[in-house]
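Dear colleague,

Please read them with the model open beside you.

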Amino acid sequence: MTALLKDESGFDPNAIRSQFPILSRQVNGHPLIYFDNAATAQKPEQVIEAVTDVWRYSYANVHRGLHTLANEATEAFEVTRRKAAALIGVECDSQIVFTKGATEAINLVADSFGAMLNEGDEIILTQMEHHSNIVPWHFLRERKGIVLKFAPVTEGGELDWHGFDALFTDRTRLVSMVHMSNVLGSVTPARQVVQRAHAADAAVLFDGTQATVHMPIDVIDLGCDFYVFTGHKLYGPNGVGVLYAARDWLDRLRPYQGGGEMIAEVREDSVEYAHSPHKFEAGTPAIADVIGLGAAIDWVQAFDREAVMAHESALMDRFEVQIRDIDGLKILGGDQDRGAIISFVVDGAHPHDLAQLMDKYGVAVRAGHHCAHPLMQRFGVPGAVRASFALYNTKTEVDAAVMALRKALNFLI
Ligand SMILES: Cc1ncc(COP(=O)(O)O)c(C=O)c1O
């Protein structure tokens, strides 16, 4: 792991902080230090304006109108589809489905892909999945007798390759795996996973909810079948997410929900569906939020993403170096290739108490199970404190957060 104490990326967070109105507020008499970015990111003016401009000046329903406003809204909505495709390296925007979020995107695949499975078919997950990449598959276990297998995670926080490899059988139909863990920050070896799964004729879904925020993504290079991400962690609005499906998957999968927008023709005795991706977008979508996601993608893409990554890793390293020698502190994982997310526990201090005391100093960190019960079970802890960094965070904030952590510990232990 890189132990940079100096941020040499050339990226200057101070140059963009003024674009985030919320970052200038005080919390409990202290400047806000927002390290809960893995839960949701704050929004730049560009995104806030894009959403409010839709409401103010160009709002209408999409796809069905013939008037100017409807055409403008439809055009802006579809332009976002092209931006979302480009963000993850896809040329053909008809492979992009808008959903409510990553959770709905995974539920869509679980329902539609799941309809093609039979009792006894197997799906491989990992111990480091977010509940949104576990529970939809449990539905299939409960309802269809699908077998779920969990690939182990090493003490160092990596996918245990041998354990993963050993789970494949001739009944394996799908691997559904996080691309970057929301707890450990671990980046899974996506290309090798796809090679292994495809060799067994199994499809691959990556949950790119955190990865899309912290690293450039090229799903064509990865070769996966499905990739999902969510808007609100990418500095965009909530209520919007993306499902990418490779090749002809969208044509092969049955629609997930029925309603307006997703049909070509409805009769009393039959229904003909619209072409993909509209087949999967029943009902009025989150129009302003989708357009806001387009603004967020533009905003993120305007930066040198490698430099942003280096900046975020430097923040995490600086944090880690300063907390590592705290008595009784244990970082979950730590050896792995990871993004700017770090979780830890301290003997004798409950994670909730730590987070609440740090909040007294204006520091927002997350504490709890992080929607990852199996991972907490794997590490034998009920919960952990998580600090997750964004491009607007600074070294000064890291130092102040460490100070707040030390004060909280002095109080508790
Ligand atoms: C790795 C991962 N997957 C999925 C989700 C679910 O995202 P959403 O709630 O936006 O659907 C999260 C949210 O924390 C996450 O971190």
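Contact here means heavy atoms within 4.5 Å, and helices (H or I, at least four residues) and strands (E, at least two) are DSSP runs numbered from the N terminus. Please note that this is a predicted model, in which local features need pLDDT of at least 70 and side-chain atom pairs count only at pLDDT 80 or more, while totals for chains, interfaces and linings use all residues. Residues are numbered from 1 along each chain as its sequence is written, and side-chain values use heavy atoms, with hydrogens and water left out.

On that basis, Ile-106, Asn-107, Val-109, Ala-110 and Gly-114 in helix 3 meet Pro-136, Trp-137, Phe-139, Leu-140 and Lys-144 in helix 4. The residues of this contact divide into 7 nonpolar, 2 polar and 1 charged, where Ala, Val, Leu, Ile, Met, Phe, Trp, Tyr, Cys and Pro count as nonpolar, Asp, Glu, Lys and Arg as charged, and the others, Gly among them, as polar. Helix 3 and helix 4 (residues 135–144) pack at an angle of about 30°, with their axes 9 Å apart; axes are lines fitted to C-alpha atoms, for helices over the stretch in contact, and angles run from 0 to 180 degrees between N-to-C directions. The two helices are therefore roughly parallel to each other, given that angles under 35 degrees count as roughly parallel, over 145 as roughly antiparallel, 65 to 115 as roughly perpendicular and the rest as oblique.

Helix 3 (residues 102–114) is largely enclosed by the rest of the structure, because 11 of its 13 residues are buried, that is, under 20% relative accessible area, with exposed over 50% and partly exposed in between (1.4 Å probe, protein chains only). Among the buried residues of helix 3 are Glu-104, Asn-107 and Phe-113.

Helix 12 (residues 351–359) and helix 14 (residues 395–412) pack at an angle of about 120°, again with axes 9 Å apart, which makes helix 12 oblique to helix 14. By class, their contact has 10 nonpolar, no polar and 1 charged residues.

Finally, Thr-394 is found in the loop between strand 17 (384–388) and helix 14. Thr-394 is buried, with a relative accessible area of 8%, and, not counting residues up to four places away in sequence, touches Pro-13, Asn-14, Arg-17 and Leu-315.

With best wishes
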